[in-house]
Amino acid sequence: MNKLINKDNEWIIHFMGSLDRLLDNVEHLTANYRPTLDGERFFTDKEVSARLKVSRRTLQDYRNEGRIAYIQLGGKILYRESDIERMLTESYRTAYQQAAT
């Protein structure tokens, strides 16, 4: 049973497919990984504006109005994930229906 194993071997094709899927999963995890500092994740204004679907200028207005908390280190603005969630929770308005007349 001395078989030559090459790239066309069914076992090799299956193995290489598994490696490709594993690499895709690792790339996805590392692209979305946000390290924590004291259990808190931080986001840049670019990331927050993309997640909230507002412009960076609108985020600046929110900062100026005191609607969202932020940290400024030099020219860099950072937002705590918990502060963003708090702002969204405080801004939540329940839906209502108008009474039929």
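Me: Why is Asp45 called buried?
Reply: Its relative accessible area is 17%. Buried means under 20%, exposed over 50%, and partly exposed in between (1.4 Å probe, protein chains only). So Asp45 counts as buried. This is a predicted model, where local features need pLDDT of at least 70 and side-chain atom pairs count only at pLDDT 80 or more, while totals for chains, interfaces and linings use all residues. Residues are numbered from 1 along each chain as its sequence is written, and side-chain values use heavy atoms, leaving out hydrogens and water.

Me: What makes Asp45 and Arg56 a salt bridge?
Reply: The rule asks for a side-chain nitrogen of Lys or Arg within 4 Å of a carboxyl oxygen of Asp or Glu. Here the closest N and O atoms are 3.3 Å apart, so the pair qualifies.

Me: Why is Arg56 called partly exposed?
Reply: Arg56 has a relative accessible area of 45%.

Me: Why is Asp83 called buried?
Reply: Its relative accessible area is 8%. That is under 20%, so Asp83 is buried.

Me: Why does Glu40 have no salt bridge?
Reply: The nearest side chain of opposite charge, Arg80, is 4.9 Å away.

Technical notes
Lys and Arg count as positive and Asp and Glu as negative; His and the chain ends are not counted.
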